[in-house]
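Reader: I am new to this structure. Could you walk me through it by question and answer?

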Amino acid sequence: MARPRQTIVSLEDTPYYHCCSRVVRKAFLCGIDNSTGENFEHRRGWVDSRILELATIFAIGICAYAVMSNHLHVVLKVDADKAKQWSDKEVLIQWHKGFKGTLLTQKYLKEEDLNSFELQTVNECITEYRKRLIDISWFMRSLSEPIARMANKEDKCTGRFWEGRFKSQALLDEAAVLACMAYVDLNPVRANMAATPETSDYTSIQRRINSAMKGEQPPELLPFVGNERLNMPNGLMFSVKDYIVLVEDTGRIIREDKLGAISSSSQSILNRLNIPAANWLKITTEFGALFKGAVGALPALTEYCEHLERKRRQGAANCQRWLCA
């Protein structure tokens with residue numbers, strides 16, 4: 001039985017979550033259907049654009065994503081502090097970027113006169129919207145519903161486009177986050193849809209590489225901010241250059257189907273994460289099969305399960321085997 005979302009998400013333990021949605025019947029509703037020859041590749045562009053649009057609305061950063069022919073992966077970081085710091089007006093502005101809100105919230109933003117009862121109603125809406133703007137369920141719902149409507153309109157049909165629930169798993173430490181990001185970014189390479197990460201369309205790694213070639217980082221994605229230090233900005237540990245090299249090294253080895261050599265910069269990251277190279281290759285090719293629940297070192301996994309009042313640590317053996325040297 002699927003777990004209620006509140007028994008999976010624990011912002012007290014981690015802001016990072018890996019989410020995956022599949023289309024119904026695992027059909028090629030976003031790619032080329034080999035059985036019929038129909039091409040729905042343009043729908044992957046819809047999903048790509050929507051993911052980046054939602055990053056400007058929610059207090060949720062995009063760490064990595066990959067839009068495949070019949071499913072999508074996205075690694076999210078919930079920024080609860082950012083949502084708390086928004087003023088009431090800023091919360092409504094953010095919400096109205098993607099949703100209509102109510103007549104009263106629209107009046108409030110226009111600074112029209114409201115009586116005490118109407119102001120109370122607006123305040124209740126603001127409280128609810130602030131919660132929704134850090135809710136990964138609302139993020140995924142806001143991603144999937146418009147795509148389903150567009151696809152059904154194009155197909156002149158009704159019914160489900162996506163499976164009923166998206167899958168999510170907590171990423172409890174930086175090793176789990178980086179491994180999951182690389183797994184997501186290398187999806188097209190593993191599926192033989194692309195030869196290299198930079199040719200992987202509709203992925204975060206392609207966007208990061210294109211920006212890095214200009215000496216920049218893509219503003220739509222959560223940036224890499226280097227090693228931990230005082231006054232640490234919001235972002236991902238490590239340098240973007242090191243991450244790109246690590247993904248390219250891993251992708252090359254996967255494509256050549258042999259161990260090959262990992263560059264010194266990539267090896268330094270693995271050493272910091274305390275993950276042997278052989279384990280890294282196993283994790284980045286089989287992450288979805290190895291880890292069904294939360295992912296992280298055993299102490300973090302134990303604390304996460306205690307906070308959510310779980311009696312057993314699902315996946316503890318694989319976390320111990322593959323994420324600990």
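Predicted model: local features only at pLDDT ≥ 70, side-chain atom pairs only at ≥ 80, totals over all residues.

Reader: How many bridges join S1 to S4?
Author: Strand S1 covers residues 16-22 and runs antiparallel to S4. In this pairing, cysteine 20 stands opposite lysine 167 of S4. The number of bridges joining S1 to S4 is four.

Reader: How many bridges join S1 to S3?
Author: S1 and S3 run antiparallel. Serine 21 stands opposite leucine 72 in S3. The number of bridges joining S1 to S3 is seven.

Reader: Which residue in S3 does glycine 61 stand opposite?
Author: S2 and S3 are antiparallel and joined by seven bridges. A hairpin of three residues also connects S2 to S3. Opposite glycine 61 stands lysine 77.

Reader: Which side chains of S3 point the other way from His71, His73, Val75 and Lys77?
Author: In a regular strand, side chains alternate between the two faces of the sheet. In S3, eight of the eight residues are buried, so the strand is largely enclosed by the rest of the structure. Residues pointing either way are buried. The other way point Leu72, Val74, Leu76 and Val78.

Reader: At what angle do H3 and H5 pack?
Author: Helix H3 takes in residues 88-98, and helix H5 takes in residues 116-132. Their axes are 9 Å apart. The crossing of H3 and H5 is left-handed. The angle is about 65 degrees.

Reader: How many residues of the contact of H3 with H5 are nonpolar?
Author: H3 brings Asp88, Val91, Leu92 and Trp95 to the contact. H5 brings Val122, Asn123, Ile126, Tyr129, Arg130 and Arg132. One contact residue is polar, three are charged, and the number of nonpolar ones is six.

Reader: Why does the pair of phenylalanine 58 and phenylalanine 139 tie together parts apart in sequence, and how many residues apart are they?
Author: The pair is edge-to-face, with 5.5 Å centre to centre and 70 degrees between the planes. Both phenylalanine 58 and phenylalanine 139 are buried. Phenylalanine 58 sits in the loop between H1 and S2 and phenylalanine 139 in helix H6 (residues 136-155), so the parts tied together are apart in sequence by 81 residues.

Reader: Is tryptophan 138 buried or exposed?
Author: Tryptophan 138 forms an edge-to-face pair with phenylalanine 99, at 6.1 Å centre to centre and 85 degrees between the planes. Phenylalanine 99 lies in the loop between H3 and helix H4 (103-109) and tryptophan 138 in H6, so the pair links parts 39 residues apart in sequence. Ring pairs also link both into a cluster with Phe58, Trp95, Tyr129 and Phe139. Under 20% counts as buried. Tryptophan 138 has a relative accessible area of 17%, so it is buried.

Reader: Which residues is histidine 96 in contact with, leaving aside neighbours within four places in sequence?
Author: Histidine 96 belongs to helix H3. At 24% relative accessibility, histidine 96 counts as partly exposed. The contacts of histidine 96 are Gly101, Thr105, Gln106 and Leu109.

Reader: What phi does asparagine 192 have?
Author: Most residues other than glycine have a negative phi. Asparagine 192 is found in the loop between helix H8 (187-190) and helix H9 (204-212). Asparagine 192 is exposed, with a relative accessible area of 60%. Although not a glycine, asparagine 192 has a positive phi of about 60 degrees.

Reader: Where is glutamate 309?
Author: Phi of glutamate 309 is also positive, near 55 degrees. Glutamate 309 counts as exposed, at 73% relative accessibility. Its place is in the loop between helix H13 (298-307) and helix H14 (316-323).

Definitions and conventions
Residues numbered from 1 in each chain as written. Heavy atoms only, no water. Pairing = 2+ DSSP bridges. Helix = DSSP H or I, 4+ residues; strand = E, 2+ residues; numbered from the N terminus. Axes fitted to C-alpha atoms, helices over the stretch in contact; angles between N-to-C directions. Left-handed = near helix turned anticlockwise from the far one by under 90°. Contact = heavy atoms within 4.5 Å. Nonpolar A, V, L, I, M, F, W, Y, C, P; charged D, E, K, R; others polar. Buried < 20%, exposed > 50% of the residue type's maximum accessible area, 1.4 Å probe, protein only. Phe/Tyr/Trp six-rings, centres within 6.5 Å; stacked < 30°, edge-to-face > 60°.
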